[in-house]
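Good morning, everyone. Please bring up the model on your screens, and we will walk through it together.

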Amino acid sequence: MDILAFLVDGLLIGFVYGIAAMGLTLIWGVMNVINLSHGAIIALGMFGIYLLFSLFGVNPYIGVVLVALAGLITGMLIYAIAIHRVIDAPHLSTLLATFAVNMIIIGLGTSAFSTSPRNVDVALGSIEMGPVAFPATRAVAAVASVLVTGALYYFLYRTTLGKYIRAVTDNRAAAELMGIPSARILALSFGLGTMLAAIAGGLIATFFPFTILSGATYELKSFVICVLGGVGNPVGALVGGLILGSLEGVIPAFMPTSWVPVLEFILFVVILLVRPTGLLGRKK
Amino acid sequence: MSMLKNLRNPGLWLWMAIVLAVGLWPVITQRASTREEIFTVLLSVVLASSLNILLGYTGYVSFGHIVFFGLGGYVGLFLITAYGWSLWPAMLAGGISSAFLALLLGQAILRLRGAYFALATIGINEAMRAFINNFEPFGGPTGISLNFSVYNDYGGAANALWMLYGVMLALALLNILLSYVVKSSKFGLGLLAIREDEDAAEVMGVVTPRAKTWAYVLSAFLPGVVGVLFFFKNGNIEPPQAFRLHMSIEMLVMVMLGGYGTILGPVLGAAGYQRLRGLLLTSDLFKNIQLTVAGVLLLVIILFIPAGFVGWLRNRFPKLRRFLP
Amino acid sequence: MILQVNNVSKRFGGLQALSGVSFELPEGQIMGLIGPNGAGKTTTFNVINGVYPPDTGTVVFKGSDITGAKTYEIARQGLARTHQIVKPLNELTVRENVIVGACFGRQNLPLGQATDVANEVMEFVGLGKRADQLAGSLNVGQKKRLEMARALAARPYLLLLDEVLAGLNPSEITRMTEIVHKIREQGISIIMIEHVMQAVMSVSDFVLVLDFGKPIAYGTPTEVANDPKVIEAYLGDPKLAEQLSSHDPVS
């Protein structure tokens, strides 16, 4: 019965992984930029919740909403300062520009918070469903992730701004000819991507301890998930997150936990090679 | 344009002489602290120049290049501790292992273009680190430690440090020469063509899979060699030190800082980056935010001087190109 | 026959780009490849030089089957081409661009000899004075000549020219047409895709007309110009139709 518990546990975390990856995949899909500051933003999300909670006693779930807003604004600023100028340059430029942002954030974060671990104590007890018991925080995070995904879909497919984003994704030059202000749309898309990263960080902080450097792990997982789900595909990211989460839950039942990352990254490289459009993506 | 005529470039020898002079400075002054500083710079020169063959000449961005440094180090230290090899053949074996890994990987991942290749290199570095972490012959998470007595064969630890320094200097000079020879060869021209437009290069007859694979192999060899040297000097090797993703990216930063695709760029980029890092780390004001300052610097270069320092000089003063290889 | 294309078809998703294209090119001749936009002309080139393999059919170059071979293998056998959308190696000089052509083309020359060839070819196409300039800094007409120079430096047996006249002004067109004539005098076989009818009709020995991926006419310029199917195909483009029918072949 252990394996079922592991699986549920992994799936619940997988939802949150999915949100983190959705942020990465959105930016990647819209503007063909791989955001290497993704992990730093996830870490900022974690610390945002932590500071709001420990300094002002803000409930972490209300904190997530505030952190999401801050994430949106931060992302738009990052786009304006660091990315807009090199958006059409070779991909190395945007890779390094976003990595520079990562260095700046991590440097400031390390000097402000050191690298010692923190945690946000959310006591919601645990939920029992038949033979399986799991912490309620994870269930809440999973539900929140589903809501966020739904909201994102509503935004992308039911609002004008969302349509603009999809138009710019499809063909930026053509969208510009139609009078869509592409620079602002790109900034907004980047902001949405970082917002998702911040939300994921905030949710993770409610059940795992973290340091300012923790984001890097989730950034790498996000890469794996993006590639699993197909670049630029938000639902693919959620499904990819679930796959990765359940693998992480189940693999330790068969072999030492330390083999999990080996399998994860081998899977990652193999998928890049044989199916770069992702498991859910269209075949070339 | 024969090879020998090519080697008459005044800039190449001028800069080789400068590197040699800087390299000999600690030997003349006999100061161990200067020696350690310059050792780090020379190590960076080798790593950055090697990466430049792939990144600067061929246009393929490897984010996980440190995997070759780490793998070389592991193979070397394993051979030294488990089979009692001496340092020299171990260094060669480290280099060959890394080159061989590049040969195998190259067949597969060099088919990927652009960001997909960059991501695959990250994946490979992480997979390798996680694997070595579980690989018992290499000591798993505790890694491999050298017995202090190995340094006795090299005249004791103090002498060994000077000797290792000398070897590193020689390797750095060799690497500069190698960069130059590659760039001014027909093979190098093929790589530059791939960097500029891979499809056009193929149409003109450049056998791109082969050229890219050899560029990858060449760029992996010396990092493997200096990996053995570095971890031999260090006395031990552990997975997090050997496959530190951050170091991969530092290599990229050095190449970009100095000017990608030039011979001098990675050399000056490595020196400049390490010098700056040293200054920031020793300053009370910047000690804690040295990473931030480096990040701002990188961002400014990417946004405003994308050709890097040497590239900018070459564009600004075309007449000086002969002296800025 | 330097080139035999037999029953070549190529489909992209829902688009049948080429269906049943066949033709033969005798050595030393120039074939014009014309047709309305989207007729499959560039696709034909891409299939011949190995950019993508055809779904059906074969391509035989100098007696050997090159169907599905890699572009670089085909290039090394002596088939060079230019691109409709120029592909200069921007950060390399004009000379270096042309040396790449000479180094990796049919003769597989070492750098030294390749440089000599490059210098000669640059003079031939009139880029001698631009040799040390970066290719990215050339204007459109010069970039077209650079494409031509790179292809020629390979010393090919067969040259595929994809709209080398498009976007050029009348004096540049005259100049480029002269270059094509001179290349032919060197015994190099040529297939040229062209929209400038006057030029293609005056230069070509044979003309193949494609429409919606199908060959609709093949013959001498005069035969083709008077073929009702060809005129019909061009009806959507009155200007071209007029050029076609008013044409008086000179060859």
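Let me begin with a question: which residue in β8(C) stands opposite C:D162? It is C:I193. Helices (H or I, at least four residues) and strands (E, at least two) are DSSP runs, numbered from the N terminus.

Some ground rules. This is a predicted model, where local features need pLDDT of at least 70, side-chain atom pairs count only at pLDDT 80 or more, and totals for chains, interfaces and linings use all residues. Residues are numbered from 1 along each chain as its sequence is written, while chains are lettered from A and ligands numbered from 1 in the order in which they are written.

Back to chain C. Strand β7 (residues 158–162) of chain C runs parallel to strand β8 (residues 189–193) of chain C, and five bridges join them. Two strands pair if DSSP finds at least two bridges between them. Both belong to an open sheet of six strands, in the order β6-β7-β8-β3-β9-β10 (chain C). The pairing in this sheet is mixed. At the edges are β6 (79–81) and β10 (214–219) of chain C, each pairing on one side only. On average, neighbouring strands here are turned by 15 degrees against each other, direction ignored.

What lies across this sheet? Helix α1 (residues 41–48) of chain C lies across β3 (30–34), β6, β7, β8 and β9 (206–211) of chain C. Its angle to β7(C) is about 150 degrees. For such angles, axes are lines fitted to C-alpha atoms, for helices over the stretch in contact, and angles run from 0 to 180 degrees between N-to-C directions.

Chain C has other strand pairs. Strand β1 (residues 3–12) of chain C and strand β4 (residues 56–61) of chain C are antiparallel, over five bridges. There, C:L3 has C:F61 as its bridge partner. β4(C) also pairs with strand β5 (residues 64–65) of chain C, antiparallel over two bridges. In that pair, C:V60 is bridged to C:D65. The two strands form a hairpin with two residues between them, and C:K62 in the turn has a positive phi of about 50 degrees.

Now two more phi values. Most residues other than glycine have a negative phi, and most peptide bonds are trans. C:N7 has a positive phi near 55 degrees. It sits in strand β1 of chain C. Is C:N7 buried or exposed? Exposed, because it has 12 C-beta neighbours inside 10 Å. The scale is this: buried if 20 or more other C-beta atoms lie within 10 Å of a residue's own, exposed if 12 or fewer, and partly exposed in between, with C-beta atoms placed from the backbone. C:R155 also has a positive phi, of about 50 degrees. It is in the loop between α5 (140–153) and β7 of chain C. C:R155 is partly exposed, because 18 other C-beta atoms lie within 10 Å.

On to the chain contacts. Two residues are in contact if their C-beta atoms, placed from the backbone, lie within 7 Å. Of the two pairs of chains in contact, A and B share the most contacts. Chain A gives 34 residues and chain B gives 35 residues. On the side of chain A that touches chain B, α4(A) has the largest share, 16 residues. By class, that side has 27 nonpolar, six polar and one charged residues. Here Ala, Val, Leu, Ile, Met, Phe, Trp, Tyr, Cys and Pro count as nonpolar, Asp, Glu, Lys and Arg as charged, and the others, Gly among them, as polar.

Chain C meets chain B with 24 residues, against 18 residues of chain B. α3(C) gives the most to the side of chain C that touches chain B, with six residues. That side divides into 11 nonpolar, seven polar and six charged residues. Chains A and C do not touch, and their nearest C-alpha atoms are 10 Å apart.

Last, a helix in chain B. Helix α7 (residues 156–183) of chain B has 28 residues, and at 1.5 Å a residue it should span 40 Å. Its end C-alpha atoms are 40 Å apart, which agrees. The expected span is 1.5 Å times one less than the number of residues. Among the buried residues of α7(B) are B:Y165, B:M168 and B:L169. The buried residues of α7(B) pack against α2 (10–29), α3 (32–58), α8 (186–196), α10 (208–234) and α13 (264–282) of chain B.
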